[in-house]
Structures are given as structure tokens and as C-alpha cells.
Amino acid sequence: MKQEPLDFRLCNSKPKPEPYFVARSTASGVCIEGEEHVRLGHELDGGLGRETDGIFGRWDWSGRRLIVENDRYGMYPLFYSTWGNEIRISPAIRHVLAGSFPKTLDFGALAVFQRLGIFLANDTPFEHVRFLPPGVRLTWANGKISVEPRFSGASQVAPKVGNFDEAVDQYAGLFAQAISRRVPPDGGFDLALSGGRDSRHIFLELLAQGHAPRRTVTVQGYPPIDDEDRLIACRLTQATGQLHDEVDYPASYLEATLQDIELTEFCASGHTWLDPLAGYFSHRGTKCIYDGIGGDVLSAGHTLTEEKQQLLASGQTSRLAENLLEESGNEGFIHSCSQADFRKRIPRSVAIDRLAEELAQHCGAPNPLLSFVFWNRTRRCIGLIPFGLLRDVETVFCPYLDHDLFDFLMGLNPAYARQGLHDETIRRSYPEYADVPYESRSTTPPRQRELDRYYRKAARETLLYLARNPGLMRSRLVRTGRFAAMLARSSVARHPGKLWYLQPLLRRLEMERAAGGIHGL
């Protein structure tokens, strides 16, 4: 009998407040606001002489000095600003934006983001707000700041692997070790399960080590669709005898989009479908989950074509930057929906220069393109799923980011990934489940009538939202008249499509509002 998806839509519409800290040096001493000692994420003891593993951010105020530290990858989001004699820091960019510094835009960063949907390195939308770099110790005292590396960084030495079979064996052993270092707490854990490889590998290895989840859960695709994610996850849990839930897609595309914009701090896109998952974990009081971040890109390399590899390996960073921007296909959208002054400040040439500059930082890595993708797309965009959208979960274990496993995969010959490294590792490690397929691109098409109704409703809700917030219509970034016209057409169209324009334009408007208006255009 088919299971009806559970409805946990927008259960977490009021996520818990995020901590912040402000220190301001004055003639009469230092004034402070916020929490003086904060621990975020989770830390794992690497053992004698080894780096602290885990994904975390922390700060301590001694009364005279602020010390901020984070994990090796800078995966846990911490935003900060230094202006005059003041420092502000928080995992929530809105707390940082409460400072008195100018809210001028970082046009180079936005030129890239508007085209690729990611911020590079430590960029944010704002010139005076930065993302804490990977693995550092930031120190602030008497208005002076220093940022120094804490970790030696990922190994630059290629692993000793003679052939594909050896790569599979080493991968299996290192992954099992990564899970053994991340034993679930006494209260147990829940596990999001898809039809792909990353969550399956985690799920089966946890079972192999005697750790069964309280429940597994899969989010149903947009809108009602018999997608393979759900069907395959159900088949796998039945084969293993585990309990499985299915969670319905968001009832309101607008509300999910606004939630996504807020919880990803204006720095990512396309995560709206996961909002019900956050609601599900909130409803269940989930304290621990496992996330597959990094698994796909590190061991499958789907985005790492040989042509791109060769361009970066040969130092042709500008040409590669042009190719990457060309793939996005966003130039027409930027031209038609952006205010003229904003459009002039984010031309394609600026995006090429900024992107080429970042690409050049990875030319010396064993696998340059993988290095670029991980430290930018994975760290700055995908990382805001487990540590942004799912921030209310106390512990989010990320086994693919185990230091030993990460170094192995990052230095491995990329040809092994193209030969099916991850598939073969899972097949050999858990042969009894080898007959359960993975998701493919072919899914049952959604019912057209429900699809059309869903997005017409979203267009109408957004028009009403703009009418109730007239200040948004005075944007210096968005041609709001055109935005409203697009929404009006979609609200009555027979087949409105997926409203691809809704999230990027709403993000700009909400970003502008959070900053109290945009200056410097």
C-alpha cells in the first residue's frame, strides 16, 4: 500500500535565534553586546598530535580580546565585519548588518553570484561583510584584527594507489573509519535518505556498524510526483527492515522561498524543497543527523569534465571562467530584470576577472578543478543546507569531510571517479543490497494540472506579498515593474512553468531590505 507523505511544511518557520557578538573600542574602554562564549557545530578529537576534526565555529571573549576559530574547511558559516574600532560576528548575516558600517555592495562578488549562484572564497553580497576563511584563528583586541591559519590544510600528496581496485578498497576502509569516528549519541539519530549514493553509503555503513536510525525520511519532489528518490529510498529501507517516512513538498512555494533566502543568508539558491525536512526534524526533536555533503563531488566528479580539467591544469583561467559563465545562461535574465545602474556594475567582464582570479588559486592542487568546486560551490553553497537550513539540529555529522577520507579523495586520480569509484565501493562493501538501483533522470512526470495550479498560486501569493510590502517595489537592484508583470502573466497562464525568476529576484529584494536600502549605486 502506498504511503501518504507526511505534512511537516514550514514547521520551523521560526527557527531559534542565532548568537552574535559585538565589541567596540572606545575612549572609556570596550563595549560589548551578545554572547561572550559560543560553541557551534561539533568538534571531534583527532588524537595526539592531530588536528581537531568536525565542523564547527566558536568564539571567546576574555574581557580584552576576542578569539574566533573554525573548522578546517570553514564549512560552518560565520560572518563578520570590522569597521572603525568595532567587530561584529555571527552565523546570521542580519546580526552583522546591524552595524553602522556602509552597506555598499561587493559588485565583483555579485557579478559572479548573479550568473553562477555561488559566492567565491570569502565573498558575501556586501563589501564590508566577510565569510570567515577556512581553518583560521581570528583575534581582535583594541580595535586591531589578525587572521592566522590554524590547520596545515589538506594534504598535497597524492595517495598511494596502484589501480582502481586498490582505490576502491582504500575508499571503503577510510569511509568505515570516518563513520566509526562519528558514533551517534545515546538519543539516536534520524537520517535523510535519497535515491543517490551519498546517503545510501552512510546508511548502509551505519547499519554495518550496528547503528540503526530512529527513522529514515525522504522529501517528496515538487509538486506531487512519483519521483525515484522516494521510491528507491522506500525500497532500500524495506530491504534493510528500517522505518521510513515520506515528507510532503512545501505547500507554499513563496513561503519556502522566503525561508530559504533567510536561512541561507542571501548566499545560496535552490534549496526550497528541503524546508519540510527542517520542519520534520524540528517536529521530531531530532538532535543528530548525518549529511552526505562532499560525497558526490569528491568521489563521483560529475561536474569535472576533462576539457575543464585541461583548461585549469594549463593555467587558462580566463577561458575556463568564460566557459563556466556561458553554461549558466543568465545574461538575458540579468539584462532584462536588473536596474540599469546595478546592471552596469556587474558586467560579464567583472565576473570573468573575479572567477579567473579564484580559479588561479587552485592551479597547484593535485586535482585543481575539484579543489575549486569543493572550496567554492560545496563550501559556500551546499554547506548552507546542513548548517543553514538544518541549523536547528544540534549535531550534523559529515563523514565525507573526515580529514583522512577527504585528503584521500581530494588527491586521488580523477579517472577513478569517472570509472564509477563510488558505485563500486558501495557494491563491494554491501553486496546484499546491490540489486537496489540508484535514481536516474527519468521520473514519472508530475500531473500537469497540479503543477500549473501550484505555480499559479505561487505567482498570486507573491503579487500579494509585494502589495503588502510596498517598500520592496522601490528597489535599486530589481526592475520591479517587470517582476510584477512576469508574476501577473504567470498567475493566469495555462502553463506558467516553474517560476525560475522568483527566487533570484526575491533574494535581491530581501537582501536590499535587510541592509536598510542599498547605497553606492
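Student: In which sense do strand β5 and β9 pair, and over how many bridges?
Tutor: This is a predicted model, to start with. In it, β5 (residues 65–70) and β9 pair in the antiparallel sense, over five bridges.

Student: Which residue in β9 is the bridge partner of Ile-67?
Tutor: Thr-139.

Student: And in β10, what is the bridge partner of Thr-139?
Tutor: That is Ser-146. Strand β10 covers residues 144–149, and its pairing with β9 is antiparallel, with six bridges.

Student: How many residues sit between β9 and β10 in the hairpin?
Tutor: Two. Asn-142 is in the turn, and its phi is positive, about 55 degrees.

Student: Is β9 mostly covered or mostly uncovered?
Tutor: Mostly covered. Strand β9 spans residues 136–141, and five of its six residues are buried.

Student: New topic. What is the strand order in the open sheet of three strands?
Tutor: The order is β11-β12-β13, and the pairing is parallel.

Student: Why is one side of β11 and of β13 left without a neighbour in the sheet?
Tutor: Because β11 (191–192) and β13 (244–247) are at the edges, each has a single partner strand.

Student: Over how many bridges do β11 and β12 pair?
Tutor: Two, in the parallel sense; β12 is residues 216–219. Within that pair, Leu-191 stands opposite Thr-216 of β12.

Student: Which helix lies across β11, β12 and β13?
Tutor: Helix α7, residues 275–284. Helix α7 runs at about 150 degrees to β12.

Terms used:
Residues numbered from 1 in each chain as written. Predicted model: local features only at pLDDT ≥ 70, side-chain atom pairs only at ≥ 80, totals over all residues. Heavy atoms only, no water. Buried < 20%, exposed > 50% of the residue type's maximum accessible area, 1.4 Å probe, protein only. Helix = DSSP H or I, 4+ residues; strand = E, 2+ residues; numbered from the N terminus. Pairing = 2+ DSSP bridges. Contact = heavy atoms within 4.5 Å. Axes fitted to C-alpha atoms, helices over the stretch in contact; angles between N-to-C directions.
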